[in-house]
Amino acid sequence: MMGYQETFRASIEEPETFWREAATAIDWHRAPERVLDGTAAPFYRWYPDGQLNACHNALDRHVQAGHGDRAALIYDSPVTGTKKIYTYSQMLEEVARFAGALTKIGVGHGDRVVIYMPMVPEAAIAMLACARIGAVHSVVFGGFAPNELAIRIDDAAPKAVVTASCGIEGTRIIEYKPLLERAFELADHSPDHCIVLQRPQAVAELGDRDLDWSEMIATAKPVACVPVVSTDPLYILYTSGTTGKPKGVVRDTGGYAVALAWSMRAIYDVGPGETMFSASDVGWVVGHSYIVYGPLLAGATTVFFEGKPVGTPDPGQFWRVIAENQVKALFTAPTSLRAIKKEDSEGSFLDDYDLSSLSTVFLAGERLDPETLRWTQDRLGIPVIDHWWQTETGWPVAANLVGREPLPVKPGSASVAVPGWNITVVDAVGGPVPRGTDGTILLKLPLPPGALTTLWNDDERYISSYLSEYPGYYATGDGGHIDDDGYVFIMGRTDDVINVAGHRLSTGTMEEALAAHPAVAECAVIGVADPLKGQLPRGFVVLKAGDHHDEATVVADLIALVRNRIGAVAALKDISIVPALPKTRSGKILRKTMRGIADGADESAPSTIEDIAVLDALRPVLRRD
Ligand code: COA
Ligand code: AMP
């Protein structure tokens with residue numbers, strides 16, 4: 001087998017040969033003759049004449065090959081005290097039946113289905129059922145508020161919404177149905193049906209358009225897989241951009257299946273019969289790629305964990321799950337490990353469990369600080385791999401190829417470029433920077449299979465957001481550098497996106513929420529460094545002249561406003577009322593300068609500043625002097 005350098009070179013020099021070979025890991029209803037179609041560049045299409053079904057590849061083929069008794073999904077829910085194993089045969093039965101239920105209510109090829117569910121196996125069943133009949137799923141993270149859900153419903157225009165009666169956050173029961181009803185009130189689009197999975201913790205009252213999951217399943221007939229064209233969308237996943245309107249990342253079917261299957265072996269080194277535990281949520285891209293599709297495409301076992309790393313009931317949960325299920329690879333966000341470390345700095349809970357099955361820990365979603373890396377390495381004594389990717393890319397862009405040729409770990413680096421991804425760093429005017437120098441990180445087109453193909457119903461925004469600033473390249477929105485050994489260092493976003501506890505959020509959306517308050521004249525939200533959550537948002541608000549509201553009341557109202565509009569996950573709890581915001585002479589708020597000061601950098605004021613006195617007055621507030 002080729003080592004890292006050779007594999008990387010082959011993928012860049014002869015991409016079509018490389019990805020033709022990789023495509024043999026997938027079952028095709030019609031094998032692709034063409035690998036890459038660039039005739040409509042910058043829109044690229046992988047395997048344009050191939051036909052396949054993602055659900056067939058994730059389930060049916062493993063059962064047909066005689067592995068029906070193998071565990072496909074292990075539902076481990078400390079918050080409900082439940083553990084349930086679904087074999088591949090059982091999973092197939094459930095999915096085929098739910099696909100039948102969807103077909104019965106008129107959902108078919110190309111129709112959208114929004115899935116707004118907590119971490120219950122039915123969320124994966126619903127996703128795979130959509131894939132089975134060629135419907136396009138769009139999973140919305142359960143922590144988003146009705147307003148965010150409504151925006152996504154309007155954009156995706158789903159025929160049906162699938163939900164559960166409640167989610168469980170620690171000891172808190174969150175009823176989903178009222179949130180959904182509120183979203184339906186806010187949205188212009190009205191889905192025909194709402195399918196509700198009733199959970200015993202809170203049973204929802206069903207209305208006219210509602211259907212009970214169990215009742216539907218009881219009468220539904222299983223249906224077979226519908227072959228789709230490789231370029232047909234498998235799903236839309238909304239992610240934060242710089243404005244209030246989220247971006248509907250479109251994922252194709254064939255390219256994604258090939259890329260995930262390749263990554264499962266080459267990067268994660270997880271194959272048939274082995275277990276992967278991705279401690280994330282189906283609402284995020286990690287959940288799509290490495291809780292649901294990746295492990296199942298590989299014939300492996302996935303752990304579906306409903307809980308938090310700490311507090312449910314103790315900081316030993318991850319270790320328990322690993323020991324009980326012989327987990328080979330753990331994938332989580334650094335923030336989870338920091339949360340565990342905070343409660344169990346000695347790692348004493350580790351002693352209670354046999355972790356000999358665990359080979360590697362993979363971390364992503366935010367920067368891995370060297371201290372957390374060291375702590376995890378010291379406690380576990382196995383490789384801890386930082387790797388970098390985005391909702392848009394669908395799978396890792398920088399990583400360590402553990403299944404090919406593991407390279408040494410460099411603290412602070414998100415490892416090396418993954419085969420298929422041609423990473424370049426440029427300066428402010430688009431020129432290449434020398435090795436080791438920070439700049440804007442770009443990916444050369446065409447992106448490999450598995451990356452986004454466009455934004456839902458918005459080709460123009462796809463181009464303007466990612467492709468127009470540097471023609472021939474995809475702009476990642478991340479800044480950083482590549483060192484002499486080819487290691488990639490991600491230093492942070494170059495736009496208004498922040499990462500709070502591994503959750504990607506837009507400060508622009510938060511500003512839009514704050515600006516809706518009648519007392520607010522203008523505002524700025526910045527992400528500042530936080531030792532536990534990586535980043536936390538801080539808001540700065542200027543009140544309208546002559547406003548007589550009590551400041552404490554305004555702050556409390558604003559915190560509630562953001563929580564109600566975006567969701568608890570926005571975590572904006574720190575808002576300061578200030579007399580003015582520092583701006584450039586052209587009126588742009590100096591968010592980057594504010595962020596630098598808040599994070600302790602001794603930045604000199606930019607030469608374009610309008611009024612230096614405003615910045616000087618804000619300095620002590622930013623620094624919390
Ligand atoms: N539904 C409803 N509310 C949710 C939610 C969900 N699915 N997820 C989070 N929230 C709420 C939380 O309860 C919390 O509410 P509170 O302000 O009332 O306490 C708020 O949103 C903020 O959540 P979070 O930032 O996640 O903080 P936390 O203290 O609940 O948990 C961690 C902290 C680190 C344990 C948790 O964020 C975590 O596991 N992060 C990893 C994320 C991840 O896997 N990302 C994917 C990349 S790998
Ligand atoms: P998301 O789309 O939610 O997966 O978030 C993607 C963003 O998270 C990236 O653009 C980065 O800013 C950040 N990110 C992801 N992985 C890493 C990493 N390993 N190191 C630093 N930042 C990361």
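Q: Which residue is the bridge partner of V249 in β25?

A: The model is predicted: local features need pLDDT of at least 70, side-chain atom pairs count only at pLDDT 80 or more, and totals for chains, interfaces and linings use all residues. Residues are numbered from 1 along each chain as its sequence is written, chains are lettered from A and ligands numbered from 1 in the order in which they are written, and side-chain values use heavy atoms, with hydrogens and water left out. Helices (H or I, at least four residues) and strands (E, at least two) are DSSP runs, numbered from the N terminus, and two strands pair if DSSP finds at least two bridges between them. In β25, V249 has L455 as its bridge partner. Strand β25 (residues 454–455) runs antiparallel to β15, with 2 bridges. Strand β14 (residues 233–239) is also antiparallel to β15, through 6 bridges; V250 in β15 is the partner of I236.

Q: Is strand β15 buried or exposed?

A: In a regular strand the side chains alternate between the two faces of the sheet. Buried means under 20% relative accessible area, exposed over 50%, and partly exposed in between (1.4 Å probe, protein chains only). In β15 (residues 247–252), 6 of the 6 residues are buried, so the strand is largely enclosed by the rest of the structure. K247, V249 and R251 lie on one side, with G248, V250 and D252 on the other.

Q: How is the arrangement of α9 and α10 described?

A: Two packed helices are described by the angle between their axes and the distance between the axes. Axes are lines fitted to C-alpha atoms, for helices over the stretch in contact, and angles run from 0 to 180 degrees between N-to-C directions. The axes of α9 (residues 254–266) and α10 (residues 285–297) come within 9 Å and cross at roughly 80 degrees. Therefore α9 is roughly perpendicular (65 to 115 degrees) to α10. Residues in contact (heavy atoms within 4.5 Å) include Y256 and L260 of α9, and Y290 and Y293 of α10.

Q: Which residues touch the most other members of the largest nonpolar core?

A: A nonpolar core is a set of buried Ala, Val, Leu, Ile, Met, Phe, Trp, Tyr and Cys residues joined through side-chain atoms within 4.5 Å. Here the largest has 125 residues, and F98 and Y293 touch the most other members. Helix α5 (residues 121–133) gives the most to this core, with 10 residues.

Key:
Parallel < 35°, antiparallel > 145°, perpendicular 65-115°, else oblique.
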